Amino acid sequence: MPIEIYRWEALDAGTRQRLLMRARADLQQVLPDVKAILEDVRRRGDAAVVDYLRRFDGIDWPPERWRVSPEAMAAAWKELAPEVREALHREAEAVRRFHEAQRERPIWLMEMAPGVIAGQIVRPLDSAGLYIPGGRAVYPTIVHALGIPASVAGVRRIVACTPPAGRHPAVLAAAHAAGVTDFFLVGGVAAIAAMAYGTETIPRVDKIVGPGNLYVLAAKALVMGEVAIDMLAGPTEVIVLADETARPDWVAAELLAQAEHDPHTSCLLVTPVEALAHAVRREIERQGSRLPRWAIARQALETYGGLIVTADMETAIEVCNAYAPEHLAIYTRDPWAILPAIRHAGSVFLGPWSAVAAGDYATGTNNTLPTGGWARAASSISVDTFVKKIEVEALTEEGLRHLAPVITTLAEVEGLHAHAASIRIRLPDLPASSATV
């Protein structure tokens, strides 16, 4: 079945909603199993992790085999072909440069009133846990996307976990470049549990970040509160917003590039030009049949893809904002003119030369982005993911006296009389308040 063409204005509300919902992971179906594993690892530590490695990965490793030493990570560079080393080095440098620009002032202060100073200090987390998927492929770029911002932020202990099958020289080399301090060949729910609770071998961390499968997402959701998490990032997604200037073969190639990730990937073209939609559909069939991962891409396109035709560009933009895609590629005559109208997206790619793969591998921007509609409220992984901001106040007697009427009045309105008393004990000559609600 070819990818569908939809005329937006002719769709009923249910079909529109289905197109906008994409492959939302149903965490409820796996929560009982995930909860049992989390509790087992919390209770038994390393012994439980050994059992789950045997059960899910088919390996019987004692804890001392889980760790990859810093020396082994550094040595992994030598196992790579020269062109792979060069590509990884350039990508890591770009990611570091981009994230260095995100660093904020370590402290700022302002005078709110005479004798009243308020401000903020920025401090890195003590530790962070990176979950690196390792199922259908290996992902050294995700190691960079998670580890380098943590390193730039100043996190002292950066723990990474990946399934044993994800062990690859490129992943280990990327971990070395990213500043990972502790690397373990443990994956799935057991890895999330170990980083959340700590075991005899794997240390507890303050925050867990990184994408994963349905079970990993459920585990992150359940440990939230024990530790902080970044977001519940699900299958990748892309929208291409295009007009009559777009090349159908380039649009098709962009959709296929994301569709090959996973059968649950969401890939949409949104355009006011119906002829373009038909041409893109023909190109998808022509190009896709030549791809090694065509079976995966075709399933994604037929199940969660679509070519949406709107009455005009304004409606097309609103469809994109309603979807809030992880990746938004704008292939129009003047993409910069459209950018101010974009309210919700994880990352925006302006113009036909701005391939999404460039952001995945080379521009330095982060490729771990909000999916599943999270782009309405969440941002990509960044240096901010790995810092906390602490407020600072400093008052003199003059400053406290200046603010005292506000403090005591509002404290007594709220019925918190000890708050007001903490001010009056310092300023015994303060007039009594007559505040009433």
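Student: At what angle do helix α10 and helix α12 pack, and how far apart are their axes?

Tutor: In this predicted model, α10 (residues 248–259) and α12 (residues 294–304) pack at an angle of about 105°, and their axes are 8 Å apart.

Student: What makes α10 roughly perpendicular to α12?

Tutor: Angles from 65 to 115 degrees count as roughly perpendicular. The angle here is about 105°, so α10 is roughly perpendicular to α12.

Student: Which residues make that contact?

Tutor: L255, L256 and A259 come from α10, while W294, I296, A297, A300 and L301 come from α12. By class, the contact has eight nonpolar residues, no polar and no charged ones.

Student: Why are α2 and α3 called oblique to each other?

Tutor: Helix α2 (residues 31–44) and helix α3 (residues 46–57) pack at about 140°, with axes 6 Å apart. Roughly antiparallel requires an angle over 145 degrees, and roughly perpendicular covers 65 to 115. The pair α2 and α3 is therefore oblique.

Student: What is the make-up of the contact of α2 with α3 by class?

Tutor: Eight residues are nonpolar, none polar and four charged. Among the residues in contact are D40 and R44 of α2, and D46 and D51 of α3.

Student: How do you know whether C320 and C161 are buried or exposed?

Tutor: Buried means under 20% relative accessible area. C320 is at 0%, so C320 counts as buried. C161 is likewise at 0% and therefore buried.

Terms used
Residues are numbered from 1 along each chain as its sequence is written. This is a predicted model: local features need pLDDT of at least 70, side-chain atom pairs count only at pLDDT 80 or more; totals for chains, interfaces and linings use all residues. Side-chain values use heavy atoms; hydrogens and water are left out. Axes are lines fitted to C-alpha atoms, for helices over the stretch in contact, and angles run from 0 to 180 degrees between N-to-C directions. Helices (H or I, at least four residues) and strands (E, at least two) are DSSP runs, numbered from the N terminus. Angles under 35 degrees count as roughly parallel, over 145 as roughly antiparallel, 65 to 115 as roughly perpendicular and the rest as oblique. Contact means heavy atoms within 4.5 Å. Ala, Val, Leu, Ile, Met, Phe, Trp, Tyr, Cys and Pro count as nonpolar, Asp, Glu, Lys and Arg as charged, and the others, Gly among them, as polar. Buried means under 20% relative accessible area, exposed over 50%, partly exposed in between (1.4 Å probe, protein chains only).
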